[in-house]
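Subject: Structure handover

Hi,

Here is the structure for you to look through. My notes follow below it.

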Amino acid sequence: MPERWPFTGRTTELAFIERAMTTRAAAGVAIVGDPGVGKTRLARELVAAAGAGQTTEWVAGLGTVESIPFGAFAHLLTVPRPGAIDALSRYGGMITDIAGRAAGSPLLLVVDDAHLLDDASASLVYELALARAAFIVTTVRANERVPEPISALWREELIDRLELQHLSELDVGLLLERVLGVPVEPATLRRLWAATRGNAMLLHELVLDLLGSGALVAAGRTARLTAPLEVGPRLMEVIEARLRNVTAEERAVLETLAVGEPLGAAMLQRLALPRTVAGLERRGLLEVAGHDGELNVRLAHPLYSEALRTAIPRLAAQEIMRQLAEAVEATGMPRREDLMRVATWRLEARDGASPDLLIAAAWRAHSFLDHVTAERMARAAVEFGGSTAAEVALAEALIGQNRRREAEALLAPLDVLAVDQMTRARIGISRASNLFWGLGRAEEAFQVVRDVHQTLHAPALTNFLQAMEAMLLLFSGRTAEAVELASGPMATGSGPLTYALGSTVSGRTGTASEALDEALAEGRPDQWSFEVVQLQLARWWTFWLAGRIRESEAYAADALADAEARRSAEVAAYYSALLGYSLLLQGRHRSAARRLDVAAETMRRVDRWGLRNVVLGWRAQAAALAGDLEAAERSLNEARAATEPHNRLFSTLVPVAASWVLAARGHLSAAAAAAADAAATAADRGQHGFEMLALLDGVRFGAAGAVTPRLALLGGEVDGELARCAHVFGSALAAGDGGRLDAAAAAFDGAGATLFAAEAAVEAMFAHRRAGDRARAYAARRQAAELAGRCEGALTPMIARLGEEEADPLTGREREIAMLAATGLSSPQVAQSLGLSPRTVDNHLQQVYRKLGVSSRRELSLAFRPASGTAPASLGD
Ligand SMILES: Nc1ncnc2c1ncn2[C@@H]1O[C@H](COP(=O)(O)OP(=O)(O)OP(=O)(O)O)[C@@H](O)[C@H]1O
Ligand SMILES: [Mg+2]
């Protein structure tokens, strides 16, 4: 490894300074930034890049306690200058001295660490700038007290100020690749960047430490971390040096933050003297950020807390945790995460962690989907004598980690009659869901719910169990019963979710959206929890089944970003899957495949509702659209293997996906039959939304005549644009009505279902052609090509027919002339704009009329309608 790291990035900064240097608009540039961001290095590179005609000199602030006047300039000042003369002439002489060193060529003077200059030197720098005796590049640490003449430099706008930012993640990646000789694996890069925040100095020391300890390995084709990030000796030295000047009192505050950050500003003030906190903030050692109207304080740098935590003796750390726990408890723990934090501190401090506190914290962690913390809390609760309630919390934590059998082994022997009603209800719900979604034992799940139900009296709790039963019914494909049981006054537990989801799949997305918006409005936005996530997932389906495809995409993308920010791989997987499905309908199958792969990967580990088969089905469908039959079969086989017969809420989506694989193999009638089967199954289950989808696929496989009557009937059951479009598409296709197929294409396009739109346009083209309307056929053809062009090359039976078409019958010149003529230009006007003779234009137009079978300008304009944006307000069905 090179001693000094190769200079990376900073191109705009260098260009900025070099421009200032050539234009001389300013007398210099001050590079201002945090310790270690690379100020000195930037100045050095500038000197290195300076041409031969440029003299450079380097002075540096020394920062010695007894600062020697002109100490920084000692090596540049040849003639001793007794201090008796007045300042002006004294400086005048020095300026001549220094400028004279350049012997006529421009002088570049670097003043490194100007915040450490003695006063005399600082004044000299100021005078040099004022006299324009040199171009001054000076580096200054942010948040440091700066000698007055130096700050005057930018205050009086003598020189420009450049705030030097930390290196970007991209730059860090580049730099490390050059240093290590191999690219850094992305997850490793992200961690290194997050830990150092792109601070060059910290990065330098951290990487050397990690290489030294063997935690960072640069072997093979990438460099990657094989152990957690730890602060090693080099980094510790740098950080300790930065903290050298803090008092014992300040250090105590920093340590408290290192253990407990982020802490509310008010809380921190209570734990320490406000003056101490303010002093630390002023020196840039703390970071204060707003959070819901409250100020949160952390250490300015994640590595500082890491280093401090490493250095705190164990007993001292325990004492800090005890104090933090008390302080947070004293606030009444209003924040959602307070309970978990207090429990964690008490547990680690081995002080005052009661089973009740731990159980409550376990459930709180559970609702944050933090199953590992939940398990730790629940196990501690069991250990401290928390009995059955602790065991149920533990079982739930295990279920969250897909350790289903362990959970059942814990739950099955519990005696529900020996515990309070609340615990009893929890046992019933945990065990039933584990039996149904984890162990494939549907009948027993129902039995458990009913048994426990009978032993409860409090209506709030019986409602809980009833809601659970409704959920089981919904997933058993008994949609109407589920919705019935979940509707009414029962707004407990999973009731609203089941009601809304059941309404959605049965086709009433309007009702469902209202119910969901109401339920979601009740929670505060910061109260993100598993319950909220489930409602949001259901909300996505309402967008989707209503044909609001673009909104569904945006909704899933936002929720995915949110889940990633909260580091919930499980929730991120669900939204990756839904986003993938949104993309699939838009024909963007390659983008969809990427999302679905990510989702499937996580769902092989955690799959709370047993829906991996559906995601894999979609993946197979994406592969089928790409024409990749092998990948399609592979995903489909895995989907089938993962299908559990009792889990029926979404399961018709798998045979629908299978029908697409059949179609990709060219078995169109078999595909249509499979889609019809899936539609019939969905109909039996009351899942009319899914039935409609399968019927729409039937249309797309060429069975419009067979499925249209049912689509017409479904109009009464299934609300939303998608169902309406599906019916128009099917009936127009069955009737060979080109105009309505045009309308269907426009409506699908308006809803964001680009793939369906392209297909409808292809069919419109054939319908117009059969009707002898060559102009409209030509227009539909152009539209189909444009829409299909947005579908990442998706291949469906209908789109394939477009590919079989002969090329555009018009030549390039003919098309150009025809398009201009279609906008209403006369032949002479067209001729003029293209630099042709009117005669040539007329000759070409005659060819166009002949080829398109049109005889007037009006007809011609039909053939050149804009390819999109023709969506009529109403479909007029
Ligand atoms: N752009 C860069 N490319 C490669 N290495 C860099 C870059 N910037 C800084 N470094 C390296 O990072 C370390 C710290 O940089 P530097 O000394 O310039 O920081 P500084 O901002 O001057 O810090 P201080 O405030 O302590 O003076 C040095 O080892 C330097 O070589
Ligand atoms: Mg420096």
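Helix H2 gives the most to the shell around ligand 1, with three residues. Helices here are DSSP runs of H or I with at least four residues, numbered from the N terminus.

Some ground rules. This is a predicted model, where local features need pLDDT of at least 70, side-chain atom pairs count only at pLDDT 80 or more, and totals for chains, interfaces and linings use all residues. Residues are numbered from 1 along each chain as its sequence is written, chains are lettered from A and ligands numbered from 1 in the order in which they are written, and side-chain values use heavy atoms, without hydrogens and water.

Now the ligand. In total, 17 residues surround ligand 1 (a heavy atom within 4 Å). The closest are Gly36, Lys39, Thr40, Arg41 and Arg141. By class, the shell has seven nonpolar, four polar and six charged residues; Gly counts as polar.

Next, the polar contacts (N or O atoms within 3.5 Å). A nitrogen atom of ligand 1 sits 2.9 Å from a polar backbone atom of Thr8. An oxygen atom of the ligand is 2.8 Å from a polar backbone atom of Gly36. Arg41 places a backbone N or O atom 2.8 Å from a ligand oxygen. Alone, ligand 1 exposes 630 Å², and the protein buries 88% of that (Shrake-Rupley method, 1.4 Å probe).

Finally, the domains, whose bounds come from an automatic or database assignment. They are domain 1 (11-163), domain 2 (169-240) and domain 3 (565-803). Domains 1 and 2 each give at least three residues to the ligand shell. The centres of domain 1 and domain 3, taken over C-alpha atoms, are 68 Å apart.

Best wishes

Conventions
A polar contact is a pair of N or O atoms within 3.5 Å; within protein, one must be able to donate a hydrogen and the other to accept it, and residues adjacent in sequence count only if both atoms are side-chain atoms. Helices (H or I, at least four residues) and strands (E, at least two) are DSSP runs, numbered from the N terminus.
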